[in-house]
Amino acid sequence: MSWKEEVQKVADEFIYTNEDVNKGVKEFLREMDEGLSHSGSTLSQIPTYVTSVPNGTEKGLYLAVDLGGTNFRVCSIQLRGNTTFSLTQSKVAIPRELMVAKTSKELFSFLAKQIEVFLKTHHNDHFQAVVRRRRTMSISEGFREEEIFQLGFTFSFPVQQHGINRGTLIRWTKGFDIADAVGKDVCVLLQDEIDELHLPVRVAALVNDTVGTLMARSYTSPGKTGTLLGAIFGTGTNGAYVEKLKNITKLPAASGANYDDSTGEMIVNTEWGSFDNGLRVLPNTSYDEALDKESVNPGIQMFEKRVSGMFLGEILRRAMLALVKDPKVMLFKDEDSSSNDIHSTTNIAPDSPLFTQWGLDTSFLSIVAGDTSYGLKVIKQTLDKELGISAASTEDAEAVKVLAAAIGKRAARLSAVPIAGIVHKSGRLGKTSASASHAASKVKEHVQNLEVGEAAKTAAEGVQASAAPVVDLPPTGGVGNDEDDVVDIGVDGSLVEYYPGFEDYLREALREIPEIGAKGEKKIRIGIAKDGSGVGAALIALVAGPLT
Ligand code: ADP
């Protein structure tokens, strides 16, 4: 076998065939149904209590906050009712000591304080007018309904959701650890502190970022039926989609929550990162196996570990290292050396991140896949800069490109599996779903316009305004854009946004699935939907309505 063939042999381990894709879709459909019927299944299929999607005509001023990790973001969103919006936002780092505070009150009173500062900075006219009016009343009298800002709360930690603005914290992650918050309703914790400051704000919705993505896309890119699916391919991967209420058979048992069931639909958060944790159908190379074994959560998030940004760099690092150590290949060999030590026979610096777990970021795959320069100069430079690998040969650079392309292509083809499963199950490819149109138009009835003067437009410092942030990715082969027929999907995340050809590979796999086929694939419109935790959260607060 030639040197090139040895490299290709490793790359070929990442081939995800037509047959594999189809097996994957079958299993995904099975797990979807299982998750809809009972809890504790591989796919969580979490009901979100959001029962309609926007159609672009929604209007009003809403607040959204996002607690997801290192920062707390507060924003107000003016929905203009014509698929566009403006957004005003501020961001503050969460002090380290509050992440591990003794009581949840310390953290949540800090968050409420930030909301007060935001209102005073960006919506002071409205804020002062409400406060002045209330001074003339007895303290027991509340705010008028029209004075209250509805707020969507994006909270990116595991919660058990019981209603559109009800959810108890299961556990903290990402460095947070405040024991008394676990098991409590995070919306209540925030509302209590807001009330203590007498702010005219109601926590109207607890928001998952995939649901926010779906809602943001449906508002900014409305079609006859509204968006079907919001999907994230970033650090992790997940999707939320519109399901028929009658299919969510576990719902009555799991909740005593009130929700508007008149649309006959509800958005379900699949948590598809854990698809096929049992490895019935997912590909499993020795590199996947080692990555999983040495991860903090072996056997969990198995789909995510083959698809998302957090892991693809690490898979490539392991494959490259294997080729460095393979005596038949000796990737990055120093041609002048005759030593047997890996560090002196290669051009790799001894402290190279290539030797460290998580040492290679997934953005490296995008750079490599996108290099079409003569002699693969960009790859060589990046190897030098990112990995301390000097003087890589053109053959070395080609080998890296072959490996990276194989791993990226497999991730994109795997991503077609949940998308195909959801599109097929929705039945929207065959016809324009009557109930879906109903769900979209239903939102019109919820439209409310909170008049607060020109506050949102008088943007001060720290402000970012945006128009409709919709970018339709260029479709492969052209979408048959008969609007009636379009099945719309909103996506977000650096991987789908920046990895060259991600959508092309995904679409290629979709065409290989008989239930979708070339005709069905053309009807699927995929577009970037940014700002799920801003405009998406606002839209969920809107559909939650003022009285939940
Ligand atoms: P998040 O999902 O955390 O909200 P992103 O969508 O930006 O944020 O995703 C971050 C992930 O995407 C990281 O795992 C990072 O390695 C990966 N990433 C960042 N830039 C790129 C890129 N240009 N191409 C592919 N992956 C990228």
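I began with S366, and in this predicted model I found a polar atom of its side chain 2.5 Å from a nitrogen atom of the ligand. I then turned to the oxygen atoms of the ligand, and noted that one lies 2.6 Å from a polar side-chain atom of T235, while S494 brings an N or O atom of its side chain to 2.6 Å from an oxygen atom of the ligand. I looked up the area next: the ligand taken alone exposes 570 Å², of which the protein buries 63%.

Which elements give two or more residues to the shell around the ligand? I listed α11 (309–325), α13 (363–369) and α17 (494–498), and I noted that α17 supplies the largest share, three residues.

I went through the surroundings of the ligand by name, and among them I wrote down G234, G309, M310, D361, T362, L495 and Y498.

My last entry concerns the largest nonpolar core, which holds 117 residues, and in which F233, M320, F332 and L383 touch the most other members. I found that helix α15 (residues 394–426) gives this core its largest share, 16 residues. I also checked the domains, and saw that the core draws at least three residues from each of domain 1 (3–16 + 283–413) and domain 2 (55–212 + 441–469 + 532–544).

How values were computed. Residues are numbered from 1 along each chain as its sequence is written. This is a predicted model: local features need pLDDT of at least 70, side-chain atom pairs count only at pLDDT 80 or more; totals for chains, interfaces and linings use all residues. Side-chain values use heavy atoms; hydrogens and water are left out. A residue is near a molecule or strand if one of its heavy atoms lies within 4 Å of it. A polar contact is a pair of N or O atoms within 3.5 Å; within protein, one must be able to donate a hydrogen and the other to accept it, and residues adjacent in sequence count only if both atoms are side-chain atoms. Accessible areas come from the Shrake-Rupley method with a 1.4 Å probe; for residues, only the protein chains shown count as cover. Helices (H or I, at least four residues) and strands (E, at least two) are DSSP runs, numbered from the N terminus. A nonpolar core is a set of buried Ala, Val, Leu, Ile, Met, Phe, Trp, Tyr and Cys residues joined through side-chain atoms within 4.5 Å. Buried means under 20% relative accessible area, exposed over 50%, partly exposed in between (1.4 Å probe, protein chains only). Domain bounds come from an automatic or database domain assignment.
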